Amino acid sequence: MTDTRTHAFRHSQQDIAAARKIPETPQTLSPTYRLAFADPDFLCQDALRPVRLQLELLKPEMAMNEAGVTSTVVLFGGARIPAPERKGAARTPMLADLSRFYDEARRFACRITEISLERGGSEWVVTTGGGPGVMEAGNRGAAEAGGKSIGLNIVLPHEQAPNAWVTPELSFNFHYFALRKMHFLMRARAVAVFPGGFGTLDEMFETLTLIQTGRMRRIPFILFGKAFWERVVDWQMLADAGTISDEDLSLFRIVETADEALEAILNWPEG
């Protein structure tokens, strides 16, 4: 680890190493004797939740700063959508049909990354949830273009490892959904939403709500798959009912292909 400190005090890592070598006595074996910042039992107490929230905000932020990531393009979408070559194993015929969006996500991420690299590689870095399905396709397309990509994974009751295409030094793991969502949007310059389930719907509606209410500036917001999204959500009915305004229907655009999505992003009106 490179020591970039400007002060002369002893490094905390030195004390952690030294503490591992102390003689074992009733006093040193007591949990109270552990260094507070190196004591998982202490840090995982309910009273320390505010500290854990802060740490989960800081760690990815510092790593992205170190990697020079200045802006991102975020891909949301279903973990269960298979690659076309694996669609025969899909649990339903409809899910097999949705496999075409794996390829669209892959092409979209590849093209976004090509643009990113043309700009130096710090802007428009592809970001996904780091898992399988559409997320895998996004990280895969970025890698195939020769660029880096971010994976924001989360601990789930069932085992879930990051997909193999996430850039290792930009692979993160979260405990708090809320902090994960913040990192999805803190650097976002565009959002692309592919067909998906509860998680995708949650991410889509939360982002739209932030934009609608002015809590987040308006950015290109793309939905892939007209047939899917117009069956899942009756957007016009929401406007007709008055629960959203007619103007809210312009917060997003529905496309079918990566090329259409890219054109929409590049020509998105200033606002």
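1. Basis. This is a predicted model, in which local features need pLDDT of at least 70, side-chain atom pairs count only at pLDDT 80 or more, and totals for chains, interfaces and linings use all residues. Residues are numbered from 1 along each chain as its sequence is written, and side-chain values use heavy atoms, with hydrogens and water left out.

2. Overall figures. The chain comes to 11 helices and 7 strands; these are DSSP runs numbered from the N terminus, helices being H or I with at least four residues and strands E with at least two. Its C-alpha atoms fill a box of roughly 70 × 45 × 40 Å along the principal axes. Of the 271 residues, 42% are buried. The accessible surface is about 15,400 Å², and 55% of that belongs to carbon and sulfur atoms; areas come from the Shrake-Rupley method with a 1.4 Å probe, and for residues only the protein chains shown count as cover. Among contacts (heavy atoms within 4.5 Å) with a separation of 6 or more, 64% are between residues 24 or more positions apart.

3. The 7 strands form an open sheet with parallel pairing, in the order 4-3-2-1-5-6-7; two strands pair if DSSP finds at least two bridges between them. Strand 4 (171–174) and strand 7 (253–255) each have a single partner strand, so one side of each is left without a neighbour in the sheet. On average, neighbouring strands are turned by 25 degrees against each other, direction ignored. Strand 6 and strand 7 pair over 3 bridges in the parallel sense, and Ile-222 has Arg-253 of strand 7 as its bridge partner.

4. Helices on the sheet. Helix 6 lies across strand 1, strand 2 and strand 3 (149–154), at about 160 degrees to strand 2. Helix 11 touches strand 5, strand 6 and strand 7, and its direction makes about 165 degrees with that of strand 6. Axes here are lines fitted to C-alpha atoms, for helices over the stretch in contact, and angles run from 0 to 180 degrees between N-to-C directions.

5. Helix 5. The 19 residues of helix 5 should span 27 Å at 1.5 Å a residue, and the end C-alpha atoms are 27 Å apart, which agrees; the expected span is 1.5 Å times one less than the number of residues. Its buried residues include Phe-101, Phe-108, Ile-112 and Ile-115. The buried residues of helix 5 pack against elements including strand 1, helix 6 and helix 11 (258–266). Gly-120, with a positive phi near 110 degrees, follows the helix.

6. Salt bridges. There are 17 in the structure, each a side-chain nitrogen of Lys or Arg within 4 Å of a carboxyl oxygen of Asp or Glu. Arg-140 and Glu-85 form one, with the closest N and O atoms 3.8 Å apart. Arg-140 lies in helix 6 (residues 134–144) and Glu-85 in the loop between strand 1 (72–76) and helix 4 (93–97), so the pair ties together parts 55 residues apart in sequence. Arg-140 is buried at 14% relative accessibility, whereas Glu-85 is exposed at 54%.

7. Glu-144 and Arg-106 meet in a salt bridge at 2.6 Å, N to O. Glu-144 is in helix 6 and Arg-106 in helix 5 (residues 100–118), 38 residues apart. Glu-144 is partly exposed at 40%. Salt bridges with shared partners join Glu-85, Arg-106, Arg-140 and Glu-144 into one network.

How values were computed: Buried means under 20% relative accessible area, exposed over 50%, partly exposed in between (1.4 Å probe, protein chains only).
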